[in-house]
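Me: I'm new to reading protein models and I'd like to learn by asking about one. Can you walk me through it, feature by feature?

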Amino acid sequence: FETEVALKYHNTGKRYSVLIYKDDNLINVIELDKDGAIVRFLDEDMNIFLLYGFRKKENSKLFLNTAYHYTYKNGIEVEQTLFNFKDTGELFMEKRKLGNQGLEVSTIGLGCMGMTQSYPPFPQKKDMIKLIHEAIDLGVNFFDTAEGYGPYENEKLLGEAIKGHRKNVVIATKFGFDFTGNNVGKSGKFISLDSRPKTIKRAVDGMLKRLNTDYIDLLYQHRVDPNVPIEEVADTVKELIKEGKVLYWGISEPGVETVRRAHKVCPLSAVQSEYSMWYRNCEEELLPTLEKLTIGFVPFSPLGKGFLTGSITIPRFNVENLDSNMVLADMVKDFAAKKNVTPAQIALAWILYQKPWIVPIPGTKKLERLKENIGACNVIFTKEELNELNNEISKINIVGERYPEDQEKLTGI
């Protein structure tokens, strides 16, 4: 007999995962090499699945046109099913929900800050626009920026890159720093905050222009302003949501009590903070609070602020702290070697396995790193492997601060 199934594709750069759906239910996942041809595998009941695939042209998506499923009983073929494929043409990446207000994003996002700030040298704009387009083609739809990155230049870059793609992307940006005068600390970064209602509204109008859009998907308060009650901030954002300028909102690096107070006035969809194998403080109070309130979590610096990529720039990795912290890096590398993946993929997959409402936003300026990061979605841990990894991590004491002192004072308020 014949039946119809739908296909969706997940391209990690090295292989395709083909997801087979029947009546909107996922019934199988098959990994194919980039040449396609015939693929044979056994299903859970030891039945044979044959797939015939082809490419329309070099470097194009792999299309499957025929499949036969042979069912056996006591070694004798009892049924043959021909599948007629309805190709959705959709490059697939699983989505995750942030909060319960309706925000849904790709499992892994892309942090854009390093394209214009903090991690020189900075590539040419055209190269970063091309990278953002590559991310979209690979299924990433969640892009993180801020008016403070540059300032303003990062938003302009992203705004130019998403022309023609606006309906397919989710933009997260942030307000909250005061850029007037010379309000920088010893670290060379801005330390003056301003979350007054008039400042927020002015900031959003500027963001809309720079991002070439008439709405912001996710608006964060970049840092909590101790001089403006969070209820006043939440009420201001609620007005912007009613006006249609903002769809969802969140806070970056807040204290737990601030989260509770803000959420009562205008429900939060996401909280952003650092989270990685190298920094797990949020597990104590923040993550349990977010789970209780059904608020999503967006970790930045999920790869330990450059530890796994060699661009180490923070006190935690000063010479006097380096030897102690290398123990974790070595453990991750050993674990990655056992699973035949990269250390970065292990670190990202570990985060994804913590909670289904966590969406990391690793930053990169290189296509190969982008593909590597996306490949973390395909890393599978058994329960035993995850327990082993967690046990090893818990034994390691990370030494040193994650921020320069003037920046750390702005967090946890």
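**Helices side by side**

Reply: Let's start where two helices touch: Pro-197, Ile-200, Lys-201 and Val-204 of H3 meet Glu-232, Val-233, Thr-236, Glu-239 and Leu-240 of H4. Keep in mind that this is a predicted model.

Me: What kinds of residues make up the contact of H3 with H4?

Reply: Sorted by class, there are five nonpolar, one polar and three charged residues in the contact of H3 with H4.

Me: And how do I describe the way two helices pack?

Reply: Two packed helices are described by the angle between their axes and the distance between those axes. Here the axes of H3 and H4 come within 10 Å and cross at roughly 40 degrees. The crossing of H3 and H4 is right-handed.

Me: At what angle do H4 and H5 pack, and how far apart are their axes?

Reply: Helix H4 (residues 230-243) packs against helix H5 (residues 256-265) at an angle of about 40 degrees, and their axes are 8 Å apart. H4 passes H5 in a right-handed crossing. On the H4 side the contact uses Ile-230, Glu-231, Ala-234, Asp-235 and Lys-238, while H5 brings Thr-258, Arg-261, Ala-262 and Val-265. By class, that gives four nonpolar, one polar and four charged residues in the contact of H4 with H5.

Me: OK, on to the strands. How do I read a sheet?

Reply: Strands of a sheet pair through backbone hydrogen bonds, and they can do that parallel or antiparallel. In this model, seven strands form an open sheet in the order S10-S11-S12-S13-S14-S15-S16, with parallel pairing.

Me: Which are the edge strands?

Reply: They are strand S10 (110-111) and strand S16 (296-300), each of which pairs on one side only.

Me: Let's zoom in on S14. How many bridges join S13 to S14?

Reply: Five bridges join strand S13 (residues 216-221) to S14, and the two run parallel. For one of the residue pairs, look at Leu-218, whose bridge partner in S14 is Tyr-248. Then there's the pairing of strand S14 (residues 246-252) with strand S15 (residues 270-274), which is also parallel and has three bridges. Ser-252 stands opposite Gln-272 in S15.

Me: Is S14 mostly covered or mostly open?

Reply: Mostly covered: six of the seven residues in S14 are buried.

Me: Last topic: salt bridges. What's the idea?

Reply: Side chains of opposite charge can pair when their charged atoms come close. The count for this model comes to 19 salt bridges. One of them joins the side chains of Glu-153 and Lys-156, at 3.4 Å from N to O.

Me: Why can two residues a few places apart in a helix reach each other?

Reply: An α-helix has 3.6 residues a turn, so residues three or four places apart point the same way. Glu-153 and Lys-156 are three residues apart in helix H2, which puts about one helical turn between them. Glu-153 is partly exposed, with a relative accessible area of 40%, and Lys-156 is partly exposed too, at 39%.

Me: Which parts does the salt bridge of Glu-385 with Lys-339 tie together?

Reply: In that pair, the closest N and O atoms are 3.0 Å apart. Glu-385 lies in helix H10 (residues 383-394) and Lys-339 in helix H7 (residues 319-339), so the bridge ties together parts 46 residues apart in sequence. Lys-339 is partly exposed, with a relative accessible area of 23%.

Terms used:
Residues numbered from 1 in each chain as written. Predicted model: local features only at pLDDT ≥ 70, side-chain atom pairs only at ≥ 80, totals over all residues. Heavy atoms only, no water. Pairing = 2+ DSSP bridges. Helix = DSSP H or I, 4+ residues; strand = E, 2+ residues; numbered from the N terminus. Salt bridge = Lys/Arg side-chain N within 4 Å of Asp/Glu carboxyl O. Buried < 20%, exposed > 50% of the residue type's maximum accessible area, 1.4 Å probe, protein only. Axes fitted to C-alpha atoms, helices over the stretch in contact; angles between N-to-C directions. Left-handed = near helix turned anticlockwise from the far one by under 90°. Contact = heavy atoms within 4.5 Å. Nonpolar A, V, L, I, M, F, W, Y, C, P; charged D, E, K, R; others polar.
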